[in-house]
Amino acid sequence: MFVLLAFLSLLVELGLGYPDRLVRAIGHPVIWIGQLISFLDKNLNRATQSDASRRICGVVALIVLIAIPAGFAFFLETLFSLSPLGIVASALLASTLLAQRSLASHVKAVADALDRGGLQAGRRAVSQIVGRDPERLDEAGVSRAAIESLAENFSDGIVAPAFWLGIGGLAGGVAYKAANTADSMIGHRTKRHEAFGWAAARFDDLINLPASRLTALLLVIAAMIVPGASAANAWRSVWRDASKHRSPNAGWPEAAMAGALGLSLAGPRVYGGVMVEDATMGDGRREANAADIRRALRLYWTADALMIVGFGVLSLGMWLG
């Protein structure tokens, strides 16, 4: 039943997305989770505490922010199970945890901006999806940033929530989304969050481990189908470069994407005026452009379709079994 939920959720989100008017009217589950994280951060993370105390408070905060949304999701899923159409209601809710349409839309906007408005427009568009300093980026840097964001967010914004929906149902998907949102908000090595956000960052690394590997595999297989992409090079890049990335997970989809497209991604980047050193993923060209972003999107949509088909086949197999 959980695998079927993941399959239906992917189809619902692919077809409907999450309408902007609904965001304006009631918000979005990630926004609600973010408000809970902000409340916990404000009330449990105090500068007067020792690092050890703040780390303990961060563990408590992580448990609370997972338990409350996941518990509510479990209650709703149990309630829905009393109806023959409960799986549909659960799928509608679970679809809000996925971002197939919005991810592609934001990345495509960068390519469109570069084509129509040049470098400055591209910088403005890419600043909506990455945290690095856009003014430091040339056209190739803007293009690489968009492709890297596409690869990484395919993993933690689509494959990972679908995976945990398939493993733990609506509650599992919500628990993942809460933890992942916590990492994005407080899992940073800043003075305020290095101790308090330690648990969120480490837990996010753990729960994204299976999806990051699965995402790389999906991209390698997709490269067998997409004209001009190289599955062999994608596999070599993953095998050689993924473990060198400063993130234990982001390197897998980035290396696969880089190798498939014949690019070199990652490497040194500037965040908030600070240079962050990182290994390069892939051994291709650094001079990416808007056309490469569109090639990356074709690879992404193919990999996404493969994942949906995979969940569909698993659902059918379990139903027949």
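User: At what angle do helix 10 and helix 11 pack, and how far apart are their axes?

Analyst: An axis is a line fitted to C-alpha atoms, for helices over the stretch in contact, and angles run from 0 to 180 degrees between N-to-C directions. Here helix 10 and helix 11 pack at about 140°, and their axes are 7 Å apart. On the helix 10 side the contact (heavy atoms within 4.5 Å) is made by Asn 233, Ala 234, Ser 237, Val 238 and Asp 241, and on the helix 11 side by Trp 252, Ala 255, Ala 256, Gly 259 and Ala 260. These contact residues divide into six nonpolar, three polar and one charged. Ala, Val, Leu, Ile, Met, Phe, Trp, Tyr, Cys and Pro count as nonpolar, Asp, Glu, Lys and Arg as charged, and the others, Gly among them, as polar. Helices (H or I, at least four residues) and strands (E, at least two) are DSSP runs, numbered from the N terminus.

User: What kind of model is this, and how are its residues numbered?

Analyst: This is a predicted model, in which local features need pLDDT of at least 70, side-chain atom pairs count only at pLDDT 80 or more, and totals for chains, interfaces and linings use all residues. Residues are numbered from 1 along each chain as its sequence is written, and side-chain values use heavy atoms, with hydrogens and water left out.

User: Where else is phi positive, in a residue other than glycine?

Analyst: Ala 266 is such a case, with phi near 60°. Ala 266 belongs to strand 1, residues 265–266, and it is buried at 1% relative accessibility.

User: How long is helix 9, and what do its buried residues pack against?

Analyst: The expected span of a helix is 1.5 Å times one less than its number of residues. Helix 9 (residues 209–223) has 15 residues and reaches 22 Å from its first C-alpha to its last, close to the expected 21 Å. Its buried residues include Ala 211, Thr 215, Leu 218, Leu 219 and Val 220. The buried residues of helix 9 pack against helix 7 (139–186), helix 10 (231–241), helix 11 (251–261) and helix 12 (290–320).

User: How many salt bridges does the structure hold?

Analyst: Side chains of opposite charge can pair when their charged atoms come close. A salt bridge is a side-chain nitrogen of Lys or Arg within 4 Å of a carboxyl oxygen of Asp or Glu. The structure holds 13 of them. One joins Asp 115 and Arg 294 at 2.8 Å, N to O. Asp 115 lies in helix 6 (residues 100–126) and Arg 294 in helix 12, so this pair ties together parts that are 179 residues apart in sequence. Arg 294 is partly exposed, at 25% relative accessible area.

User: Which residue pairs with Glu 135?

Analyst: The partner is Arg 123, at 3.4 Å, N to O. Glu 135 is in the loop between helix 6 and helix 7, whereas Arg 123 is in helix 6, so the pair ties together parts 12 residues apart in sequence. Glu 135 is exposed at 54% relative accessibility, and Arg 123 is buried at 11%.

User: Where do Arg 246 and Asp 278 lie?

Analyst: They form a salt bridge whose closest N and O atoms are 3.8 Å apart. Arg 246 sits in the loop between helix 10 and helix 11, and Asp 278 in the loop between strand 3 (274–276) and strand 4 (280–281), 32 residues apart. Arg 246 is exposed, at 52% relative accessible area, while Asp 278 is buried, at 11%. Elsewhere, salt bridges that share partners join Lys 108, Asp 112, Asp 115 and Arg 294 into one network.

User: Which residues does Asn 180 touch, leaving aside its neighbours within four places in sequence?

Analyst: Asn 180 is in contact with Asp 156, Asp 204 and Asn 208. Asn 180 lies in helix 7 and is buried, with a relative accessible area of 12%. Asn 180 and Ala 200 are 20 residues apart in sequence and 7.9 Å apart in space, C-alpha to C-alpha.

Note on methods
Buried < 20%, exposed > 50% of the residue type's maximum accessible area, 1.4 Å probe, protein only.
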